[in-house]
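User: I would like to go through the packing of nonpolar and aromatic side chains in this model, one question at a time.

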Amino acid sequence: QVQLVESGGGLVQLGGSPRLSCAASGRPFRSLVMAWFRQIPGKEREFVAGISWSEVPSYAESVKGRFIISRDSTKNMVYLQMNGLRPEDTAVYYCAASADGWNLDDFIYWGQGTQVTVSS
């Protein structure tokens, strides 16, 4: 089992740069692929960014060049630095972990989610 606890987010101004954090516990952190997803009410959860155990990142096209995912294996933490926020970035953001790979079905561990609302 993996426990994930997100923090950060909240109400952010248009163009703002908040950072989301996710604390992981329960399994060796280095064995996990970590990712951030987001969901808007009425829509499917979508991949935002992911990072492998060797710190290779992957981004959705919609956030590439604006968001940065990172991980700190000494603290069992993964971060999502969000820059240049747009109204369409408003969503509940979820931290997720996979012990198997990068397919959506591989992400079986989820945090409780944290709301990010971009205000104009």
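User: Which residues have the most contacts inside the largest nonpolar core?
Analyst: This is a predicted model, in which local features need pLDDT of at least 70, side-chain atom pairs count only at pLDDT 80 or more, and totals for chains, interfaces and linings use all residues. Residues are numbered from 1 along each chain as its sequence is written, and side-chain values use heavy atoms, with hydrogens and water left out. A nonpolar core is a set of buried Ala, Val, Leu, Ile, Met, Phe, Trp, Tyr and Cys residues joined through side-chain atoms within 4.5 Å, where buried means under 20% relative accessible area with a 1.4 Å probe on protein chains only. The largest such core has 28 residues, and those with the most contacts inside it are L4, M34, W36, L80 and Y93.

User: Which strand supplies the largest share of this core?
Analyst: Strands are DSSP runs of E, at least two residues long, numbered from the N terminus. Several supply at least two core residues each, among them β4 (33-39) and β9 (91-98). The largest share, four residues, comes from β9.

User: Why is the pair of F37 and F107 edge-to-face?
Analyst: Rings of Phe, Tyr and Trp (its six-membered ring) pair if their centres lie within 6.5 Å, and planes under 30 degrees apart count as stacked, over 60 as edge-to-face and the rest as tilted. The centres of F37 and F107 are 5.4 Å apart and their planes stand at 70 degrees, so the pair is edge-to-face.

User: How many residues apart in sequence are the parts that this pair ties together?
Analyst: Both F37 and F107 are buried. Because F37 lies in strand β4 and F107 in strand β10 (residues 107-110), the pair ties together parts separated in sequence by 70 residues.

Key: Buried means under 20% relative accessible area, exposed over 50%, partly exposed in between (1.4 Å probe, protein chains only).
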